[in-house]
Structure formats: C-alpha cells, structure tokens
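Hi,

Here is the structure I promised to pass on to you. Please open it in your viewer and keep it beside this message while you read.

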Amino acid sequence: MARLLVYFAHPAPHLSTVNVAMRRAAQQLDGFTFVDLYAEYPRFDIDVDTEQARLRDHDIIVFQFPFFWYSTPSLIKEWQDLVLEHGFAYGHGGEALAGKTMLLALTAAGPEEAYATEGYQHYPIRTFLTPLERTAGLCKMRFSAPYVMFGSLRAVGDDRLGPHVDGYVRLLTALRDDRLDLEAAVARDVLTPDTLPLSEDA
C-alpha cells in the first residue's frame, strides 16, 4: 500500500463547486493524509520542517487546485519556494524526494478544445504545467499525467460533476492501493474519469 499525501489548495473554497466536492469525497477515504494548505497557512507562514517531514513520510504527492492564470494558486508557489530546499529536494545531498510520484488534480474553466494549438489558449494544458513537471524532474520524482476537469464552471449543468468526483475517488484509492498503472499514467497527456489506467482488479 502506497503512502499518499493530498494537498488541497483553493483560496476561496466557498466559491467552488467542483473542488469542494472533490475535497469532500477525498476526506471520506481512509489510508492517506489530507492537508488543506489555505486552512493550515492562511498567512502563508509555512512550517518548512513539518512539510518536509510530510514529504519524507509519503510515496505519492497529489496537489489538488483550480488552474489560475495558467498556473497554481499562489500558496503552492510559496510552498515550493520554501519547502523544496537545496540539499533536501535537489542539489548536493538533495535526495529526499527521489523516486516519489507527483500528480496534479486540477480544474480548468475553459473547455478541453481551448487547450490546443488551434484553440484560444493556443497550447495544450500540459505546456502550461511544464514548470511543475520540471520541478518534479529536478527533485527526481516521477510526474504523472494530471487529472483534469475542463469546463469546470459548467460541470454541474452538464452532469459531469458526479462522474468526475467518482473518478477522483477511484484514482486516489488506486494510487493508495498500488492499482494504478503509473507507467501508463506518466505516458498520457491527461487523465479523466474514462481514461484512468487501472489494473484489472481495480
């Protein structure tokens, strides 16, 4: 069984539908650690020792967040700047995260077709996630394809919220129980409820 750590980062959860539903479902699961970063660090006073200990104690790190201005909410960037220190996460002696897995679970307001060369965002969503992928690489972590909800503002009206939340639960439990084909997940562009590479007994 893998040791799973989920970081939830939403600066205004009272305005969220999809992320809060995902959070609520995730918190009902057993066997992993769930951290609400904005609730724990409302003034951005991140406890580096605590966070580094959490990272050492887990095998798979999931960041769940809304996609803001082609990036993460600002607290995740602050967390990265402080926690992923030289000598801990990278550089000489920085082997603490080597061999671990990073996975992103994000919501994007734009539709899937927007994130393409011919779409109005002009690039695939993976292009915008390159800094996070390279962060994982520098830390010698495996970077999985992200679990993405496109068109998140229309999810309820389109009857996609329930299937997406159910898929998130299946993803987390498969990660926890070593039933996600991580090699296949790494090779994909994105993960959705219909494209999770689960083992046959998942």
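Predicted model: local features only at pLDDT ≥ 70, side-chain atom pairs only at ≥ 80, totals over all residues.

**The pockets**

The largest pocket has a volume of about 440 Å³. Its lining is made up of 22 residues. To find the middle of this pocket on your screen, look for Pro66, Phe68, Ala109, Ser152 and Leu153, which lie nearest its centre. What classes of residue does the lining of the largest pocket have? There are 14 nonpolar and eight polar residues, and no charged ones.

The second largest pocket has a volume of about 270 Å³. Among the residues that line this pocket are Pro111, Glu112, Phe150, Arg160, His164 and Asp194. Two elements, strand S6 (147-149) and helix H7 (161-176), each supply at least two residues of the lining. By class, the lining of the second largest pocket divides into six nonpolar, three polar and three charged residues.

**A helix on the inside**

Next, have a look at helix H1, residues 18-27. Why is H1 described as largely enclosed by the rest of the structure? Eight of its 10 residues are buried, so the rest of the structure largely encloses this helix. The buried ones are Val18, Asn19, Val20, Ala21, Met22, Arg23, Ala25 and Ala26. They pack against strands S1 (4-8), S2 (32-36), S3 (60-66) and S4 (101-107), and also against S6 and H7.

Isoleucine 76 sits in helix H4, residues 74-83. Is isoleucine 76 buried or exposed? Its relative accessible area is 2%, and buried means under 20%, so isoleucine 76 counts as buried. Leaving out residues up to four places away in sequence, isoleucine 76 touches Ala9, Leu37, Phe63 and Phe65. Phenylalanine 65 is 11 residues from isoleucine 76 along the chain, and their C-alpha atoms are separated by 9.0 Å.

Glutamate 51 belongs to helix H3, residues 48-56. With a relative accessibility of 0%, glutamate 51 is buried as well. Which residues is glutamate 51 in contact with, apart from its neighbours within four places in sequence? They are Tyr7, Glu40, Tyr41, Ile46, Trp79 and Val83.

Happy exploring, and do write back with any questions!

Best wishes

Key:
Residues numbered from 1 in each chain as written. Heavy atoms only, no water. 1 Å grid on protein atoms, 1.4 Å probe; cavity = no way out; pocket = protein on both sides within 12 Å on 5 of 7 lines; lining within 4 Å. Points joined across faces, edges and corners; volume = space filled by probe spheres on them. Nonpolar A, V, L, I, M, F, W, Y, C, P; charged D, E, K, R; others polar. Helix = DSSP H or I, 4+ residues; strand = E, 2+ residues; numbered from the N terminus. Buried < 20%, exposed > 50% of the residue type's maximum accessible area, 1.4 Å probe, protein only. Contact = heavy atoms within 4.5 Å.
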